[in-house]
Amino acid sequence: MPQVAINNQEHDIPTGGSVLDALRLLGIEVPTLCHDDRLRPTGACRLCSVELEGQDRLVAACTTPLTEGMRIQTHSVAAEADRRTNLTLLAQSYPAGEPLEDHVEFHRYLRQYGITPSGTPAASFKDNMHPYLKVDMGKCVHCYRCIRICDELQGQFVWRAWNRGDKTEIRPDKGLSLMESSCVSCGACADTCPSGAIEDKLVVEKGVPTSWTRTTCPYCGTGCEMEVGVRDNEVVVARPVMDAPVSKGHLCVKGRYAHRFAHAKDRVTSPQIRTDNGWKAVTWDEVYEHIGQRLMNILAESGPSSIGVLGSSRATNEENYLAQKFARVVLGSNNVDCCARVCHAPSAAALKATLGTGASTNSFDDIEIAKGFLVCGANPTENHPIVGARIKQAVLHGAKLVVVDPRVIELARYADVHLQIKPGTNVPVFHAMAHAIIESGDCDEEFVASRTSDFEQFRALVSEWTPERAAEVAGVSAEDIRRAATIYAQTKPSMIFHGLGMTEHMQGTEGVRCLVNLALLTGNLGKPGSGENPLRGQNNVQGSAHMGCEPSNLAGFTPIETGAELVESVWGAPVPREPGMNWMKMLDAAQAGTLRALYAIGYDVYFSNPNAAETAKGLRNLDLLIVQDMFMNETAREFAHVFLPACSSYEKDGTFMNSERRVQRVRQCIPTIGDSKADWEIIGELATHMGFGRHFTYNSPEQIWKEVQSVWKAGSGISYDRIEKSGLQWPCLDQDHPGTTRLHGKSFPIGDRAAFSMIEYIATPEQTNGDFPFLLNTGRTLMQFNAGTMTNRTGNEQLHPTDVLEICAEDAEALNLTEGERVQITSRYGSATLPIRISTTIRRHELFTTFHDPKVFLNRVTSNHRDRVVGAPEYKVTAVRIERLPQPVT
């Protein structure tokens with residue numbers, strides 16, 4: 001370590017940093033108006049300038065590397081005079097009379113140096129139209145942090161410096177407001193702005209938070225960590241955790257701003273029982289007694305197989321663990337599942353069958369190591385925005401990118417090759433890529449020989465799938481398939497990310513196995529910057545299934561036949577051996593009358609399931625439907641007999657598990673609202689009322705987690721103490737284990753070799769014809785989230801008010817449709833009405849829409865075809881027709 005003298009004190013400082021890094025390490029503060037640790041330093045403001053012995057002039061601490069023997073003075077007369085001069089110049093252009101607030105960085109410096117703003121407000125860009133951001137560029141000090149963070153962190157390039165010299169003005173890239181620009185509302189500009197020119201509206205309206213609590217975001221499976229700011233027991237704003245291993249000082253619009261659902265006026269905060277006269281509020285004891293008696297009667301009459309339990313991807317690991325324990329101990333049934341069934345159950349099944357572990361092979365930190373990316377059926381910049389931003393930055397810095405997606409998603413605009421395939425043709429396209437890799441000699445022969453099996457059979461299988469044959473099926477060019485194969489195979493290491501565009505198909509599980517084949521073929525497994533990585537949709541969908549909310553597996557995704565003995569020894573209760581039903585089979589059984597009761601926790605199954613008419617038949621047939629949620633969701637409103645009010649993740653402790661197998665802390669930020677309770681409390685108290693209290697004697701989520709550790713060997717080293725500051729990735733076998741960032745480095749859990757999968761392509765039966773000439777694809781959007789249970793109760797509703805049907809200009813013209821016109825789409829299963837958006841991202845005879853708005857209720861249209869292996873619905877392929885509606889007379 002170099003030895004340096006700072007303010008006449010000798011110090012040994014680690015190498016590799018700047019003078020400013022050294023000062024911060026020693027707790028010596030100097031002003032830094034243009035500096036943000038997330039950005040490349042520029043030294044533009046000169047406020048951090050220090051005296052350096054041997055230099056004729058002051059040097060910027062942020063841009064000066066620390067070297068051996070430096071002698072530095074941080075607050076010399078010259079340095080302080082220079083700071084005062086620069087601050088005075090800035091203050092002369094800053095609005096006079098502006099109140100100086102402690103939370104505004106520039107204001108603190110003015111107060112510290114006794115300087116008063118004296119400027120005259122000039123004509124400048126102002127914007128108060130955005131639901132979350134307030135802009136007044138009259139307060140801008142031209143540090144350019146907003147421009148730089150939008151470019152370097154988010155990669156959106158919204159903020160621009162227009163004009164030159166004293167005419168320079170900071171404005172969005174287009175339009176007269178942020179709402180008209182390409183802004184994605186991540187709030188990074190407000191987070192970095194030091195002068196109050198860009199501010200969070202709620203902070204202006206509600207006041208500066210008086211407390212901050214570190215927790216994990218309740219939205220997608222990325223697992224961003226954030227500090228939640230609270231004032232008067234209300235969540236005001238969230239800010240990114242700078243040292244978070246996943247999000248690295250960044251958040252998206254949902255994590256940062258979409259939290260007001262916790263305080264929504266329609267939160268249900270007391271237990272409810274449906275009567276002939278509607279819903280009746282009751283006490284917790286009354287509702288437990290009612291449910292317990294009903295469940296016990298059904299058990300006595302029809303047995304354990306007549307009741308099902310659904311865990312929640314919005315609930316914590318601890319709560320999902322208790323949900324499956326309730327099913328197995330209290331009800332004696334393996335009829336337990338979660339929403340992973342309708343999204344990434346194919347990923348878990350495929351990865352476990354081929355590699356031995358049903359989870360991501362690598363970490364998000366491999367993004368910056370990878371030289372190439374294959375992104376398949378995923379739209380990361382919208383659905384996993386922080387991961388998407390990191391991939392985009394990697395590509396902007398030279399990484400290669402292949403996108404396989406039916407739409408021109410944002411990443412496709414940065415891609416070296418975009419395979420805009422017809423929905424439902426994943427298998428032939430990946431077989432053709434494998435064909436091209438083998439044909440060109442680009443396979444990793446050493447890896448194939450030493451780490452795989454069944455290569456010759458696989459070679460024979462894909463030999464029939466020439467790029468020309470696949471191109472005809474998928475609607476892309478053979479040349480592009482070959483180019484994609486070459487990029488993936490030759491750019492080492494290359495990383496695969498896939499999403500629901502891979503899994504929500506009749507061949508979802510088999511399609512993921514085809515991606516594993518490509519990774520095996522090229523040796524892109526077990527190495528930094530490689531792997532096959534599903535982007536899980538919800539905050540804890542990885543954890544909910546992994547905690548045992550799955551009919552065939554216990555906690556740790558351990559098969560019942562191999563894990564039951566250990567679990568029984570911990571529980572002191574038998575684990576049922578009778579095979580359980582997954583959610584889709586439970587629904588079938590409900591329609592048949594053999595499933596009589598369902599306990600649905602944090603899961604709006606009626607609104608979320610495909611083919612709503614069929615779902616309604618099953619739910620209507622139940623003798624008892626218990627819904628546990630924050631809101632009277634569509635399932636509860638239409639069919640539930642009992643409603644149990646759960647609290648939000650801001651109101652409880654626990655852990656979530658993200659897409660990269662990382663277990664992270666969730667911490668209570670605000671008091672529980674009304675009489676609502678945490679899911680773990682409700683489950684435990686209900687079990688106690690039903691006579692099983694001895695098996696549910698928990699007084700905290702940490703106590704539940706300790707039991708999880710005892711039954712899940714791969715997670716036994718993950719304790720609350722160890723993840724207090726940062727999460728850990730499993731496998732983590734003991735308290736000294738560092739966690740596992742990459743799987744399959746030398747072998748696989750199934751042995752030394754992984755076998756290639758022999759997948760025959762089977763076309764979906766959901767085909768277009770003269771009556772249904774369009775192919776409808778569905779998915780999420782950045783501004784909304786799944787069923788809209790949370791985001792529809794926030795300012796995000798202004799950013800995406802309703803679902804829209806995207807259609808290409810040629811098809812719109814052929815049907816004489818205009819932008820915004822409301823139409824009806826009809827499938828073989830039902831209809832929905834929504835406005836159209838003419839889009840350049842869609843091919844002819846294909847459509848796309850989201851499913852967030854209950855008024856649209858898009859899942860009345862989607863089909864009931866299912867994955868051939870695990871039963872996940874085929875949301876991505878539905879044949880429809882478009883029907884014009886009578887238009888209002890103008």
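Predicted model: local features only at pLDDT ≥ 70, side-chain atom pairs only at ≥ 80, totals over all residues.
Student: Which residues do ring pairs link into a cluster?

Tutor: Residues are numbered from 1 along each chain as its sequence is written, and side-chain values use heavy atoms, with hydrogens and water left out. Rings of Phe, Tyr and Trp (its six-membered ring) pair if their centres lie within 6.5 Å; planes under 30 degrees apart count as stacked, over 60 as edge-to-face, and the rest as tilted. The cluster linked by such pairs is Tyr219, Phe261, Tyr650 and Phe785.

Student: What kind of aromatic pair do Phe125 and Trp159 form?

Tutor: A search of the whole structure turns up 18 aromatic pairs. For Phe125 and Trp159, the centres are 6.2 Å apart, with 75 degrees between the planes, and that pair is edge-to-face.

Student: How many residues apart in sequence are the parts that Phe125 and Trp159 tie together?

Tutor: Helices (H or I, at least four residues) and strands (E, at least two) are DSSP runs, numbered from the N terminus. Phe125 sits in the loop between α3 and β6, while Trp159 is in strand β8, so the pair ties together parts whose separation in sequence is 34 residues.

Student: Is Trp159 buried or exposed?

Tutor: Buried means under 20% relative accessible area, exposed over 50%, and partly exposed in between (1.4 Å probe, protein chains only). Trp159 has 2% relative accessibility, so the word is buried.

Student: Are the rings of Phe261 and Tyr650 stacked, edge-to-face or tilted?

Tutor: Their centres are 5.8 Å apart. Their planes stand at 35 degrees, so the pair is tilted.

Student: Which residues in the largest nonpolar core touch the most other members?

Tutor: A nonpolar core is a set of buried Ala, Val, Leu, Ile, Met, Phe, Trp, Tyr and Cys residues joined through side-chain atoms within 4.5 Å. The largest has 103 residues, and those touching the most other members are Leu295, Tyr321, Phe326, Trp583 and Tyr599.

Student: Why are the buried residues of helix α15 on the same side?

Tutor: Those buried residues are Phe455, Phe458, Leu461 and Val462. The arc is taken from the directions from the helix axis to the C-beta atoms. They share a side of α15 because they cover an arc of only 120 degrees.

Student: What is the omega of the peptide bond from Trp730 to Pro731?

Tutor: Pro731 lies in the loop between β31 and β32. The bond from Trp730 to Pro731 is cis, with omega near 0 degrees.

Student: What is the phi of Phe157?

Tutor: Most residues other than glycine have a negative phi. Phe157 is in the loop between α4 and β8, and its relative accessible area of 29% makes it partly exposed. Although Phe157 is not a glycine, its phi is positive, at about 60 degrees.
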